[in-house]
Amino acid sequence: MSPAARAGEAGPDHWTHEWAGGFGRARELLAWLGLEPAAVGLSEAAADRFAFRVTRSFARRMRRGDPADPLLRQVLPATDELLPAPGFSQDPVGDLGSRRAPGLLHKYHGRALLVTTASCAIHCRYCFRREFPYESNRLEPRDQAATLAAIAADPSLQEIILSGGDPLALDDHRLEALFAELSRIPQLRRLRMHTRLPVVLPARIGDHLLRLLDDCPLPVTVVIHANHAQELDAEVESALGRLRMACAALLNQSVLLRGVNDSVESLAELSERLFACGVLPYYLHQLDRVSGAAHFEVSDDEAIALARALGARLPGYLVPRLVREIAGEPAKTPLALT
Ligand code: SF4
């Protein structure tokens, strides 16, 4: 039985059907968009290395017939992924060295991250966890008690971040149980979710999920992930509006990506569109140097110039902090004070 069916839900909560009906082959998406595989540099070998996946909702926001569409570029397995790239590795941010218990990564003071699932509704080609060994490093139900005990035993932890994969890939029953168990740990003050689902599958933001967030004894901050204003259509805006009412804060993190959002116009439009959707820009990440993603990289000099130009154009609360994650550092490293 599907998670949504188990929850006794229908209509707007019937997101699992839409998930299952997504594009699983890049050629299908390209045919639907009216594009020739050779014209966009499709590589089946790249898709063999990191599977292709995209929701129909996200695909509907792509421009038909445009090989340079910024949304298509984020999900297209490209020949560039197979080129040698010195300095790019399988674990660019030192995730594996920060493992403290099954599914638990602890890097920064006061907060730790739970890798709740390997599943995502779309596969972003630049994802820093595209090579992550989820099978041995995600939170399995059988390990949950031990991992929660490890959190409870660390009095310095005040915040748990649900991550993945995408934590909203979990069905509502599992999320509800996780919220309840985490809320019983006395030193925790807040929860956070890092999720791309409100953007790529807005149907996920159903009434049952909103009640869970609203009823959670700990305040829940939701950090979404959008890189381009074109991702935020009316359906997403509506989902974000509902989400905003149910969570403690609604923020966005983006990745600076060559050919997607590497212009001040694109970044400014994204910030404006986020604000119109009730979301504040939080981080603009320099690319994590994961194998297969080198063609997305923007140089630090260019990134800093963009951040400064953005700061000169927008009010401070619409300017995300340009940061890089460096393995072993006690926090994200700012690149520019804007
Ligand atoms: S949704 Fe997030 S975790 Fe999943 S592939 Fe994209 S960037 Fe990676």
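Two residues are taken to be in contact if their C-beta atoms, placed from the backbone, lie within 7 Å. On that basis, 31 residues of domain 1 are in contact with 28 residues of domain 2. The model is a predicted one, with local features needing pLDDT of at least 70, side-chain atom pairs counting only at pLDDT 80 or more, and totals for chains, interfaces and linings using all residues. Numbering starts from 1 along each chain as its sequence is written.

The domains themselves are domain 1 (3–82) and domain 2 (96–334), with bounds that come from an automatic or database domain assignment. Their centres, taken over C-alpha atoms, are separated by 21 Å. On the side of domain 1 that touches domain 2, helix 7 gives the most, with five residues. That side divides into 17 nonpolar, four polar and ten charged residues (Ala, Val, Leu, Ile, Met, Phe, Trp, Tyr, Cys and Pro count as nonpolar, Asp, Glu, Lys and Arg as charged, and the others, Gly among them, as polar).

Now for the sheet. Helices (H or I, at least four residues) and strands (E, at least two) are DSSP runs, numbered from the N terminus, and two strands pair if DSSP finds at least two bridges between them. Ten strands make up an open sheet of mixed pairing, in the order 1-2-3-4-5-6-7-8-9-10. Strand 1 (99–101) and strand 10 (333–334) sit at the edges with a single partner strand each, so one side of each is left without a neighbour in the sheet. Strand 3 (residues 111–115) and strand 4 (residues 159–163) run parallel and are joined by five bridges; L113 has I161 as its bridge partner in strand 4.
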